[in-house]
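Please look through the sequence and the model shown below.

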Amino acid sequence: QLQLVESGGGLVQPGGSLRLSCAGSGRTLRFYAIAWFRQAPGKEREGVSCITSSDGSTYYADSVKGRFTISRDSEQNTVYLQMNNLQPEDTGVYYCAAGDNMAAVIAWNARDAYDYWGQGTQVTVSI
């Protein structure tokens, strides 16, 4: 059974940076597509970014392109989300998810594409 644990969230001022980590245990993450989702209060969970297992292709929501970078460290069995120039609208609980690579390639930002989810880490962007 694959387990995912997120870390790295916190409180940051607008324009600041955070790096989120998604650590896997039980199975090797490199065999899965890994995505980051976020959920703001009162809003639906939305896809932020994804990295595939096949060729390392990456996908980003339009709202974070140019500011966020997803990467994978297979030796550490961890996927990272580097978030720069954070804005108040980036506030929310960030979840990592693992799923079948083909399903993610078809619809990387669909929640149904992922079978395993972490518990989430809070990111708050505020003065």
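Glutamine 3 has serine 25, in strand 3, as its bridge partner, and strand 1 and strand 3 pair in the antiparallel sense over five bridges. Helices (H or I, at least four residues) and strands (E, at least two residues) are DSSP runs numbered from the N terminus, and two strands count as paired if DSSP finds at least two bridges between them. This is a predicted model, in which local features need pLDDT of at least 70 and side-chain atom pairs count only at pLDDT 80 or more, while totals for chains, interfaces and linings use all residues. Residues are numbered from 1 along each chain as its sequence is written, and side-chain values use heavy atoms, with hydrogens and water left out.

The open sheet to which these strands belong has four strands in the order 1-3-8-7, with antiparallel pairing. Strand 1 (3–7) and strand 7 stand at the edges with a single partner strand each, so one side of each is left without a neighbour in the sheet. Direction ignored, neighbouring strands of this sheet are turned by 15° against each other on average, where axes are lines fitted to C-alpha atoms, for helices over the stretch in contact, and angles run from 0 to 180 degrees between N-to-C directions. Strands of a sheet pair through backbone hydrogen bonds, either parallel or antiparallel.

## Strand 8 and its partners

Strand 8 is joined to strand 3 by six bridges, the two running antiparallel, and in this pairing cysteine 22 stands opposite valine 79 of strand 8. Six bridges also join strand 7 to strand 8, again antiparallel, with threonine 69 opposite glutamine 82 in strand 8. Strand 7 and strand 8 form a hairpin with four residues between them, and asparagine 77 in the turn has a positive phi of about 55°.

How much of strand 8 is covered? Five of its six residues are buried, a term that stands for under 20% relative accessible area, whereas exposed means over 50% and partly exposed lies in between (1.4 Å probe, protein chains only).

## The cysteines

One disulfide is counted, a disulfide being a pair of cysteine sulfur atoms within 2.5 Å. Cysteine 22 and cysteine 96 form this link, with their sulfur atoms 2.2 Å apart, and the torsion about the S-S bond is about 65°, so the disulfide is right-handed. Because cysteine 22 lies in strand 3 (residues 18–25) and cysteine 96 in strand 9, the pair ties together parts that are 74 residues apart in sequence.

Cysteine 22 is buried, with a relative accessible area of 0%, and cysteine 96 likewise counts as buried at 0%. Cysteine 50, by contrast, is in no disulfide, and the nearest cysteine sulfur, that of cysteine 22, is 12 Å away; cysteine 50 also counts as buried, at 0% relative accessibility.

## Charged pairs

Side chains of opposite charge can pair when their charged atoms come close. A salt bridge is here a side-chain nitrogen of Lys or Arg within 4 Å of a carboxyl oxygen of Asp or Glu, and the count comes to four salt bridges. Arginine 38 forms one of them with aspartate 90, the closest N and O atoms being 2.8 Å apart. This pair links distant parts of the chain, since arginine 38 is in strand 4 (residues 33–39) and aspartate 90 is in the loop between strand 8 (78–83) and strand 9 (92–99), 52 residues apart.

Aspartate 90 also forms a salt bridge with arginine 67, again with 2.8 Å between the closest N and O atoms. Here too distant parts of the chain are linked: arginine 67 is in the loop between strand 6 (58–60) and strand 7 (68–73), 23 residues from aspartate 90. Both arginine 38 and aspartate 90 are buried, aspartate 90 with a relative accessible area of 0%, and arginine 67 is buried at 14%. Arg38, Glu46, Arg67 and Asp90 are linked in a network of salt bridges.

Lysine 65 forms a salt bridge with aspartate 62, the closest N and O atoms being 3.2 Å apart, and aspartate 62 counts as exposed at 65% relative accessibility.

## A nonpolar surface patch

Met102, Val105 and Ile106 make a nonpolar surface patch of about 320 Å². Patches are made of residues with over 30% relative accessible area and no salt bridge, like charges being joined within 9 Å and nonpolar side chains (Val, Leu, Ile, Met, Phe, Trp, Tyr) within 5 Å. Accessible areas come from the Shrake-Rupley method with a 1.4 Å probe, and for residues only the protein chains shown count as cover. Valine 105 lies in helix 1 (residues 101–106) and is partly exposed, with a relative accessible area of 38%.
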